[in-house]
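Have the sequence and the model open side by side. The report below walks through selected sites and elements.

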Amino acid sequence: MTSHKHVLIVEDEDKIAQILVEFLALEGFTSTVLNEGTHVVDMVKKEAPTAIILDRMLPGVDGLTICKSLRSFSMVPIIMLTARVDEIDRLIGLEAGADDYVCKPFSAREVVARIQAILRRTTQQTKTESSLEKLTFRHIELDMSRFECAVDGNIIELTPVEFRLLKTMMTKPGVVYSRDQLMELGYEDGRVVSNRTIDSHMKNLRHKLATDEHISPIHAVYGIGYKVQ
């Protein structure tokens, strides 16, 4: 059912869905249409599409709820459709994890163009990230493809949050990250944690990254946050 360029359209208005299918086909995309939201998450987990066009108001499960659920495990590009034109509604959709927001009535050609633009950006981002499969700073090496951390050549165990926090700081040594920034980057599910939780992660990282020959590169910046140096 899927192809290299496959779009999942979640839209309860058959006419709109069919127009999108036809315009996507002109640009070489195949499509699957769901007219309610109940099975979207399960379908994406089984066969991830190239992109998703997601109506905000759906029977079963609404688009915002679906978007938030998808973002807990997938970064598939999502364009949200809505009949609401208020700026606050667009912001809510973007904050839920949508990559773009299109108000009805819309041009199907524009929606397809927006999908293509998002895919170009994500393709370039993937190329950039693949060129950074390994990060090295002093005696520490992170292997992104294996999700491994080596200290003086020895593999140590990091939690997913610790790995993301360390990766963030190692990407830009010397840059100070506030606790709020680290909280946002370390917890991909958007949960709210306290500053004390970030401090606890940093304490654990410092302990794990220190060896007999090397001190930990993680430094606290009083009143601001942390950096590697």
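## Basis of the model

This is a predicted model: local features need pLDDT of at least 70, side-chain atom pairs count only at pLDDT 80 or more, and totals for chains, interfaces and linings use all residues. Residues are numbered from 1 along each chain as its sequence is written, and side-chain values use heavy atoms, with hydrogens and water left out.

Helices (H or I, at least four residues) and strands (E, at least two) are DSSP runs, numbered from the N terminus.

## The annotated site, D55

An unreviewed UniProt entry annotates D55 as "modified residue: 4-aspartylphosphate". Such annotations may be inferred rather than shown by experiment; positions follow the numbering used here, and feature names are shortened.

D55 lies in strand β3 (residues 51-55). D55 is buried, at 3% relative accessible area. Buried means under 20%, exposed over 50%, partly exposed in between (1.4 Å probe, protein chains only). Leaving out residues up to four places away in sequence, D55 touches V10, E11, D12, G63, L81, T82 and K104. Contact means heavy atoms within 4.5 Å.

## D100 and R114

D100 sits in strand β5 (residues 100-103). The D100 side chain makes a polar contact with the R114 side chain, at 3.0 Å. A polar contact is a pair of N or O atoms within 3.5 Å; within protein, one must be able to donate a hydrogen and the other to accept it, and residues adjacent in sequence count only if both atoms are side-chain atoms.

## Nonpolar cores

A nonpolar core is a set of buried Ala, Val, Leu, Ile, Met, Phe, Trp, Tyr and Cys residues joined through side-chain atoms within 4.5 Å. The largest has 24 residues; L142, C149, L166, M169, L182, M202 and I218 touch the most other members. Its largest share, six residues, comes from α6. Apart from this core lies another, of 19 residues, among them V41, V44, L58 and C67.

Buried residues of α6 include F163, L165, L166 and M169. Beyond four places in sequence, M169 touches Y177, L182, M202, I218, Y226, K227 and V228.

## Strands β7 to β9

Two strands pair if DSSP finds at least two bridges between them. β7 and β8 pair antiparallel over four bridges. Three bridges join β8 to β9 (residues 154-156), also antiparallel. A150 of β8 stands opposite E141, and A150 also stands opposite I155 in β9.

Both pairs are hairpins. The β7-β8 hairpin has four residues between its strands, with F147 in the turn at a positive phi of about 55°. The β8-β9 hairpin has two, and D152 in the turn has a positive phi of about 55°.
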